[in-house]
Amino acid sequence: MLYKEPAPIKDRENPFESMMSRFNIAAEVLGLDEETYNVLKSPARQVIVNVPVTMDDGKVRVFEGYRVVHSTILGPSKGGIRYAPDVFLDEVKALAAWMTWKCAVVDIPYGGAKGGIICDPYSMSAGEIERLTRAYTASLVDLFGPDQDIPAPDMGTGPREMAWLMDEYSKTKNSTVHAVVTGKPLVLGGSLGRVEATGRGVMVSAMAAMDKLGMDPAKSTAVVQGFGNVGSWAAKLMAERGVKILGISDVSGAYWNDNGIDIEGAIEYKNAHNGRLEGYKGAEQMDPDELLTAKVDVLVPAAVEDVITIKNVDKIQARLIVEGANGPTSYKADNIINEKGIMVVPDILANSGGVTVSYFEWVQNRMGFKWTLDRVNERAERIMNESFERVYAASQKYNVPMRIAAYIVAIDKVAMTYKYRGGF
């Protein structure tokens with residue numbers, strides 16, 4: 001089932017410019033040479049397609065779609081496909097670049113990519129979404145491939161859309177090509193543990209950061225902004241480790257309980273009510289803006305970009321921010337967060353559990369052999385912990401915040417690989 005997150009802030013900063021601002025700081029710390037800088041700062045390929053789709057009323061609508069490949073230096077590009085009415089090219093470019101850095105941070109052999117279609121999937125029938133997905137796939141069939149560019153779900157898409165993409169691509173190859181896409185249903189070669197993978201990575205990152213800060217999970221509180229797939233799993237897994245989740249939110253509003261929210265119950269309620277918390281009685285409703293600035297130990301923004309901005313960052317009281325969403329903190333808010341002494345586990349580290357298990361899915365598809373859930377989770381948690389330690393060590397070495405340290409780790413790996421491959 002598709003899930004819907006809170007709508008993005010309309011006056012948000014340009015996400016690609018925010019990404020580049022952080023990239024520039026890390027590149028300067030590393031002393032990156034001009035050639036490598038110029039290669040890494042720009043996407044390798046940007047494709048815009050116009051996709052005609054016959055709607056249920058018989059009329060033909062033309063949808064604008066994008067696929068941006070930021071880099072293939074480390075391997076085939078990897079990244080989700082987003083269906084949303086406010087998708088725009090600079091957002092897709094930023095998300096593609098973040099995927100490059102994310103894959104490099106967790107040391108998996110992928111470059112970064114991202115796709116998107118300007119549409120409102122919640123106002124479309126299943127048949128219309130299927131025809132849109134198949135037409136988009138057909139228009140990009142020469143770009144996609146298990147050794148070229150591997151899509152995955154993102155906002156507004158899920159296993160169903162990935163199944164249609166895999167099937168449409170397979171038709172053009174006259175064979176079943178499971179490894180062309182990840183995030184598939186289990187019966188079509190999906191991996192155990194993939195659904196909860198991003199939320200699990202957020203939990204692992206939170207536990208690692210809390211350990212560095214001397215915080216006891218059993219005595220700590222948290223709020224989770226965004227109760228879709230990532231947020232709900234992060235909340236559930238953090239609660240299992242003793243963290244008291246005081247507040248959660250989704251598109252219907254924010255909910256607070258001083259005694260801690262029953263996360264299992266909230267998930268059950270959401271699943272029974274079309275993926276929304278509207279009407280949930282296990283907590284009191286509150287202003288969603290106040291959720292972000294509540295007095296708690298840990299803040300997990302797990303919805304959309306730019307929810308922590310120059311407008312509200314002064315009011316944030318959490319000691320630790322663990323970014324479950326892509327780009328939830330605007331560049332202009334970074335300095336204030338750092339001045340306040342708040343540790344941030346950045347998106348390119350904290351939410352990389354999803355691409356890690358996507359990589360496992362691709363590996364299993366290539367092997368033709370399925371791993372157990374325990375093996376998937378054990379390997380994913382090991383990679384997340386090792387990646388956290390690398391970033392934390394870089395933070396200490398260069399005396400920079402964790403966000404810049406993550407960029408340093410990622411850029412250094414991609415730049416080194418570029419030079420070994422011979423550059424231009």
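Here are some questions and answers about the predicted model shown above.

Residues are numbered from 1 along each chain as its sequence is written, and side-chain values use heavy atoms, with hydrogens and water left out. In this predicted model, local features need pLDDT of at least 70 and side-chain atom pairs count only at pLDDT 80 or more, while totals for chains, interfaces and linings use all residues.

Q: How many salt bridges does the count come to?
A: Side chains of opposite charge can pair when their charged atoms come close. Here a salt bridge is a side-chain nitrogen of Lys or Arg within 4 Å of a carboxyl oxygen of Asp or Glu. By this rule, the count comes to 26.

Q: Which residue forms a salt bridge with Arg82?
A: Let's start with burial: buried means under 20% relative accessible area, exposed over 50%, and partly exposed in between (1.4 Å probe, protein chains only). Arg82 counts as buried because its relative accessibility is 6%. The closest N and O atoms are 2.9 Å apart, and the partner is Glu91.

Q: Which helix holds Arg403, the salt-bridge partner of Asp334?
A: The side chains of Arg403 and Asp334 meet at 3.3 Å, N to O. Asp334 sits in helix α10 (residues 331–339), so the pair ties together parts that are 69 residues apart in sequence. Helices (H or I, at least four residues) and strands (E, at least two) are DSSP runs, numbered from the N terminus. The helix that holds Arg403 is α14.

Q: What is the N to O distance in the salt bridge between Asp347 and Arg403?
A: Both Asp347 and Arg403 are buried. Arg22, Glu323, Asp334, Asp347 and Arg403 are linked in a network of salt bridges. For the side chains of Asp347 and Arg403, the N to O distance is 4.0 Å.

Q: How far does helix α14 reach from its first C-alpha to its last?
A: Helix α14 (residues 402–421) has 20 residues.

Q: Which residue of β8 stands opposite Ser249?
A: Strands β7 (residues 244–250) and β8 run antiparallel, joined by 4 bridges; two strands pair if DSSP finds at least two bridges between them. They form a hairpin with 2 residues between them. In β8 (residues 253–256), Gly253 and Tyr255 point one way, with Ala254 and Trp256 pointing the other way. The residue opposite Ser249 is Ala254.

Q: Is Asn274 buried or exposed?
A: Most residues other than glycine have a negative phi. Asn274 has a positive phi of about 55° although it is not a glycine. This residue is found in the loop between α8 (263–272) and β9. With a relative accessible area of 62%, Asn274 is exposed.

Q: Which residues are in contact with Ala27, leaving aside its neighbours within four places in sequence?
A: Ala27 is found in helix α1. With a relative accessible area of 5%, Ala27 is buried. Contact means heavy atoms within 4.5 Å. By that rule, the residues are Leu32, Tyr37 and Ile411.

Definitions and conventions: The expected span of a helix is 1.5 Å times one less than its number of residues.
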